[in-house]
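Colleague: I would like to learn how to read strand pairing, helix packing and nonpolar cores. Could we take them in turn?

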Amino acid sequence: NFFCGLLDLLAAAGCRAASPMQLIAPGPAVLLASALAARPAARGGRPFCMGGGFGAAARDTFKYSGKVRPGKQSPKRSVPKSISKPDYWKDGQPKARGPMLPWQIQKKSEADIEGMRAAGRIAREVLDLAGAAVAPGVTTEAIDALVHEAAVSRGAYPSPLNYHGFPKSCCTSVNEVICHGIPDSTKLRDGDIVNIDITCYYGGYHGDCSETFLVGEVDEAGRQLVKVTHDAWQAAIAYCAPGKEYKGIGAIIEDYIAPHGYSTVREFCGHGVGSVFHETPNVIHARNNEPGTMQVGHTFTIEPMICEGVEKHILWRDGWTATTKDGKRSAQFEHTLLVTPDGIEALTARTENSTPFWWEK
């Protein structure tokens with residue numbers, strides 16, 4: 001709601017591995033061993049040293065595409081023993097699996113749906129609290145601390161924490177960061193945009209949602225990027241209903257953003273969600289031939305990442321943070337959705353307590 005290439009499905013679904021937080025749009029077949037070998041050794045924000053000799057300070061020679069840089073991370077947060085946890089919480093390795101083939105999509109039972117509604121409500125509450133904290137001078141680390149406490153106080157586990165080793169309880173993606181930004185000592189600046197991606201595990205189910213927030217006074221181009229991304233996302237949600245093909249979502253989004261000169265990221269995508277964090281279907285936000293037809297009881301995310309410039313990305317040495325290749329900004333919104341007999345229900349829908357968007361004020 002995470003880097004396309006969920007290893008649990010990689011071999012069976014013909015997906016390319018990049019990082020395990022999201023499913024990826026299928027590309028040329030890649031051997032699992034090769035994909036694993038290609039993944040960066042650095043993980044979870046562990047420090048790395050470049051150059052220097054005895055007595056010399058470590059120097060970061062990575063070629064960043066924009067102005068955002070990694071800050072200092074605090075230690076990984078703990079979760080009380082009393083809170084139910086997903087199967088990866090201790091060693092970082094998910095054990096539960098959804099359907100293995102991309103056209104096999106689980107229909108949730110009534111009990112599943114009620115459980116997901118509860119998880120979705122908590123995720124929404126936590127996201128609203130995080131968004132309300134966004135302001136110039138606030139660190140992304142402080143937002144993560146708030147998210148962690150808000151989830152735990154509601155009896156929920158923050159799903160990103162230790163998922164394949166991810167070191168924090170949410171993702172904070174600033175400006176050119178497309179997704180999976182790791183919260184750290186970075187201070188938000190007036191004029192930034194920041195996506196906060198929240199997933200909460202409660203009662204055995206995950207609720208996944210995100211929004212992009214304005215930090216202080218944002219220029220007109222940034223405001224337009226955020227609104228067009230939101231509106232394209234909403235158009236894709238409105239398309240959904242029983243019998244609709246999943247591949248149609250991408251076409252809706254691509255057509256909506258084209259007049260604005262934006263691009264839509266193909267290598268990160270939405271996904272099925274339930275008791276398993278990431279499962280089928282793959283929900284690709286550009287034209288595609290991914291199989292699958294919506295049926296009542298399907299639950300999945302739509303989470304387009306829309307860029308001012310090119311949609312291609314570079315991956316930081318932390319193995320998680322993905323930024324636009326040209327350093328231009330990217331925005332994203334996300335809901336967990338349920339296919340109903342009448343259409344679609346957002347299980348992470350905004351409430352009367354949600355802060356109005358800038359265009360609603």
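Colleague: In which sense do β6 and strand β10 pair, and over how many bridges?

Modeller: As a general idea, strands of a sheet pair through backbone hydrogen bonds, either parallel or antiparallel. Bearing in mind that this is a predicted model, β6 and strand β10 (residues 305-307) pair in the antiparallel sense, over two bridges, and S263 has C307 in β10 as its bridge partner.

Colleague: In what order do the strands of that open sheet run, and which are the edge strands?

Modeller: The order of the three strands is β6-β10-β13, with antiparallel pairing, and the edge strands, β6 (263-264) and β13 (330-332), each pair on one side only. Against this sheet packs α5, which touches β10 and β13 and whose direction makes about 35° with that of β13.

Colleague: How should I read the packing of α5 and α6, and at what angle do their axes cross?

Modeller: Two packed helices are described by the angle between their axes and the distance between the axes. For α5 and α6 the axes come within 9 Å and cross at roughly 145°, and the crossing is right-handed. The residues that meet include V228, A232 and Y239 in α5, and I249, I253 and I257 in α6; by class, this contact has 10 nonpolar, one polar and one charged residues.

Colleague: Which residues touch the most other members of the largest nonpolar core?

Modeller: In soluble globular proteins, nonpolar side chains tend to be buried together. The largest nonpolar core here has 28 residues, of which I249, M294, F300 and I302 touch the most other members. At least two residues come from each of α5 (220-239), α6 (247-257), β9 (299-302) and β14 (335-340), and the largest share, eight residues, is that of α5. Beyond its neighbours within four places in sequence, I249 is in contact with several residues, among them A236, Y239, V283, M294 and F300. Apart from this core lies another, of 27 residues, including F62, I122, A150 and C200.

Technical notes. Residues numbered from 1 in each chain as written. Predicted model: local features only at pLDDT ≥ 70, side-chain atom pairs only at ≥ 80, totals over all residues. Heavy atoms only, no water. Core = buried A, V, L, I, M, F, W, Y, C linked by side-chain atoms within 4.5 Å. Buried < 20%, exposed > 50% of the residue type's maximum accessible area, 1.4 Å probe, protein only. Helix = DSSP H or I, 4+ residues; strand = E, 2+ residues; numbered from the N terminus. Contact = heavy atoms within 4.5 Å. Axes fitted to C-alpha atoms, helices over the stretch in contact; angles between N-to-C directions. Left-handed = near helix turned anticlockwise from the far one by under 90°. Nonpolar A, V, L, I, M, F, W, Y, C, P; charged D, E, K, R; others polar. Pairing = 2+ DSSP bridges.
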